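Here's a quick tour of a few spots worth a look. Have the sequence and the 3D view open side by side as you read.

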Amino acid sequence: MTRSPVVLLLTLATLSLMLSGCQTKAKHEAPPLQVSLVSVSTRPMTHYEGFLGTVTPLQTATIVPQTSGILQSVRFTEGSMVDKGQTLFTIDPAQMQAALAQARAKLVADQATARYNRNIVEQDRPLAEKDFITAQSFDQAVSQAQAATAQVQADQAALEQARLNLSYTRITAPISGRIGLAQVKAGNLVVANQTQLAIINQIAPITVNFSVPQSLLSAARLAQQQAIPLPIEDEKGGTVLAQGKLTFIDNSVSAGTATINMQATVPNANLGLWPGQYVQVQMPIQQLAQATVLPVGAIQQGSTGPFVYTVKDGTAVDKPVQVLWESGTDAVVQGIEAGIRVIYPLPARLYPGVRVALSGTGGPAIQPAGTPGKRP
């Protein structure tokens, strides 16, 4: 039977539309999104929290002269490290040397007088026993000998004081540390116990003073007992400058601020900390022996809270988690089991329900363990 031209045209149009629809469907069906998976791990983790602290020298010594005179020389480089006992300044010793010579000469003279008076007593003793001289005369000789001996003792003390005064003309460092500027230059008059010459700060080791809320007292005591290292970072909390240990917890809580003063001691061998510097003290406030850890970048923020993407039946599924804290590139979380694999890094155009495939394969991504739940 021969079909009419109209019927033939309708049939061809229908076939053309069907072919066009199939091509459009094939054209709009996107390929699976290529993803990578990482496993949720468990390991010991410590939660650190930063507190503003001030670097303080372990010791500070203000150098002042103990004798007056003309400053003769400055024997150090300003801003350098000095050792205990190192000579820092010298005062013109001429006056003290003269006083020492005078004290020594007086001692010699009075020692001679004392010997003479002792000899007189020894000579008069047998005469007094035989009544050849009066008892009064003998007692007078004894008194003179005792007075001469006492004078010798006074002279010896004066001589020691003169030696001490002479030693004061050489001013040494009482502690080891970094010395500041010389406040007085050579040729100036310095006054005993008044003129400030320089300041030395002991900076290795050094201390950092900070305070924490009273609620963290137990955590601080544990950190001190276990000698847990405390990272000391710069003021912005971005760069670790040193490692210290908590060595002091105050014996009372401040009534006005409800905080407790604490002190960390830092070896500071590399001189990374400087007196007066502001730093961030990272103190451990929580420790977990088996913490659930994920990369921070795997966590997304949704309208109902943080979540991660897992894979089920070849599609991306969002699973809610609770972030306890972040530490660098790691996040400690709850709400997901160890061994579950999550999508990381997160590609563009990732959303719940999108088809995904493991990078480098053409097949769908398979979640080997666990059954992720839906984010509410």
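Contact here means heavy atoms within 4.5 Å. Keep in mind that this is a predicted model.

## A buried valine in a loop

Let's start with V354, which sits in the loop between β20 (341-343) and β21 (356-358). Is V354 buried or exposed? Its relative accessible area is 11%, and the cut-off for buried is under 20%, so V354 counts as buried.

Which residues does V354 touch, leaving aside its neighbours within four places in sequence? The answer is G314, T315, A316 and R349. There's also P32 to look at: it lies 322 residues from V354 in sequence, yet their C-alpha atoms are 7.6 Å apart in space.

## A three-stranded sheet

Next up is an open sheet of 3 strands, ordered β15-β16-β17 and paired antiparallel. β15 (300-302) and β17 (315-320) are the edge strands, and each has a single partner, so one side of each has no neighbour in the sheet. From one strand to the next, the twist averages 50 degrees.

Zoom in on β16 (residues 305-312) and you'll find 6 bridges joining it to antiparallel β17. For F307, the bridge partner in β17 is P320.

## Two helices side by side

Finally, take helix α2 (residues 94-129) and helix α3 (residues 135-167), which pack with their axes 8 Å apart and at an angle of about 160 degrees. Angles over 145 degrees count as roughly antiparallel, so that's the label for α2 and α3. Their crossing is left-handed. As for what makes up the contact of α2 with α3, its residues split into 19 nonpolar, 9 polar and 8 charged.

Notes:
Residues numbered from 1 in each chain as written. Predicted model: local features only at pLDDT ≥ 70, side-chain atom pairs only at ≥ 80, totals over all residues. Heavy atoms only, no water. Pairing = 2+ DSSP bridges. Helix = DSSP H or I, 4+ residues; strand = E, 2+ residues; numbered from the N terminus. Axes fitted to C-alpha atoms, helices over the stretch in contact; angles between N-to-C directions. Parallel < 35°, antiparallel > 145°, perpendicular 65-115°, else oblique. Left-handed = near helix turned anticlockwise from the far one by under 90°. Nonpolar A, V, L, I, M, F, W, Y, C, P; charged D, E, K, R; others polar. Buried < 20%, exposed > 50% of the residue type's maximum accessible area, 1.4 Å probe, protein only.
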